[in-house]
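Subject: The structure we talked about

Hi there,

Here is the structure I promised to send over. Have a look at it first, and then read on for what turned up when I went through it.

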Amino acid sequence: MKVVLFCGGYGMRMRSGASDDVPKPMAMVGPRPLIWHVMRYYAHFGHKDFILCLGYGAHHIKDFFLNYEETTSNDFVLRGGKTELLSTDIADWTITFVQTGVESPIGERLRRVRQHLEGEEMFLANYADVLTDAPLPEMIDRFARRDAGASMMVVPPQSSFHCVELGEDGLVGGITAVSDMPLWENGGYFVLRQEVFDHIPENGDLVADGCGQLAKQGRLVAHQHRGFWKPTDTVKERAALDDAYARGDRPWAVWERDSAGARA
């Protein structure tokens, strides 16, 4: 299945200053940017045909792949001054780079790559800045068996805040952590059918418009995931992932876990 990645936003909360024009998916986690980790996740499950919806800072993403250094994350032999790779990351990937506008909302970005999805009954989509260990094959299989237009992965609230129950007299009746409430957040991993395009107007949004309309029609499926899921909306969140990577604590790297199991 083809994978659409939305990677053209400003990422204002991740920027270090006015001169910083690096898009959020290019923020580093270990020796590779976020977008690489997301793509490795999909490629691990056999989905290696990517469509990148570019916008702000597009040249950073293009340059990364046009000048890709396989030796950064693969074993190799240096013989006679020439490099012989023992493994590869992206040699069997297909990556389509599409400029979808600097100011375009997510839904409009999707609309602008529709021509590259012709003939695809189902396809995958992602914000390119969230890491997870979710079982992708299960997510796809469950959706494939349903008569629905879209599937959205949902996760428990990540907020550390507490909600307070107030009585009419102003007394507190209870305090509940947001994470303990029966609520779910959009996890940013989608499985979509072509039907979603029927509900996204020009300059519309994928979630508010596309998924919102499908939900009203009872045609939106939720895939609940309680495992590892981490966004990178802030510098602090990105730094936490980078530190975890350095410690070897990277549950999102399912390709490492499964390959280690195979060797054992």
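What do the buried residues of H5 pack against? Before the answer, please keep in mind that this is a predicted model. The buried residues of H5 pack against strand E1 (2-6), helix H3 (106-111), E10, E13 and E14.

**Helix H5 and its ends**

H5 covers residues 206-216, and its buried residues are Leu206, Gly210, Cys211, Gly212 and Leu214. At the start of this helix, Asp205 has a side-chain oxygen that comes to within 3.0 Å of the backbone nitrogen of Val207. After H5 comes Gly218, which has a positive phi, near 70°.

The loop between E13 and H5 holds Asn203. Its phi is near 60°, a positive value in a residue other than glycine. For background, most residues other than glycine have a negative phi. Asn203 counts as partly exposed, at 47% relative accessibility.

H4 takes in residues 136-144, with Leu136, Met139, Ile140 and Phe143 buried. Looking down the axis of H4, you will find its buried residues within an arc of 95°, so they line one face of the helix.

E13 deserves a look of its own. Seven of its nine residues are buried, so the strand is mostly covered. E13 runs antiparallel to E8, with five bridges joining the two, and in this pairing Leu124 stands opposite Val191 in E13. E13 is also joined to E10 by five bridges, again antiparallel, and there Ala150 stands opposite Leu192 in E13.

**A hairpin**

Strands E5 (residues 76-79) and E6 (residues 82-85) pair in the antiparallel sense over four bridges. Val77 has Glu84 in E6 opposite it. Two residues lie between the strands of this hairpin, and Gly80 takes a positive phi near 60°.

**The nonpolar cores**

Which residues touch the most other members of the largest nonpolar core? They are Leu5, Tyr42, Phe50, Leu52 and Trp252, in a core of 48 residues. H1 supplies the largest share of this core, eight residues. Leu5 is in contact with Ile35, Val38, Met39, Tyr42, Phe50, Ile51, Leu52, Cys53, Asn126 and Ala128, leaving aside its neighbours within four places in sequence.

Ala128, one of the contacts of Leu5, sits in the loop between E8 and strand E9 (130-132). Its phi is near 65°, a positive value in a residue other than glycine. Ala128 counts as buried, at 0% relative accessibility.

**His225**

His225 is in the loop between E14 and strand E15 (229-231), and at 8% relative accessibility it counts as buried. The side chain of His225 has a polar atom 3.4 Å from the backbone nitrogen of Gly227, and this side chain also reaches the backbone oxygen of Phe228 at 3.2 Å. Not counting residues up to four places away in sequence, His225 touches Thr132, Asp133, Ala134, Pro135, Met153, Val154, Val155, Pro156 and Trp184.

**Cysteines**

How many disulfides are there? With sulfur atoms required to lie within 2.5 Å of each other, the count comes to zero. Cys53 is in no disulfide, and the nearest cysteine sulfur, that of Cys7, is 6.6 Å away. Cys211 is in no disulfide either, and the nearest cysteine sulfur, that of Cys53, is 15 Å away. Cys53 is buried, with a relative accessible area of 0%, and Cys211 is buried too, with a relative accessible area of 1%.

Happy to go through any of this with you.

Best wishes

Key. Residues numbered from 1 in each chain as written. Predicted model: local features only at pLDDT ≥ 70, side-chain atom pairs only at ≥ 80, totals over all residues. Heavy atoms only, no water. Buried < 20%, exposed > 50% of the residue type's maximum accessible area, 1.4 Å probe, protein only. Arc of directions from axis to C-beta. Pairing = 2+ DSSP bridges. Core = buried A, V, L, I, M, F, W, Y, C linked by side-chain atoms within 4.5 Å. Contact = heavy atoms within 4.5 Å. Polar contact = N/O pair within 3.5 Å; in protein donor to acceptor, adjacent residues only side chain to side chain.
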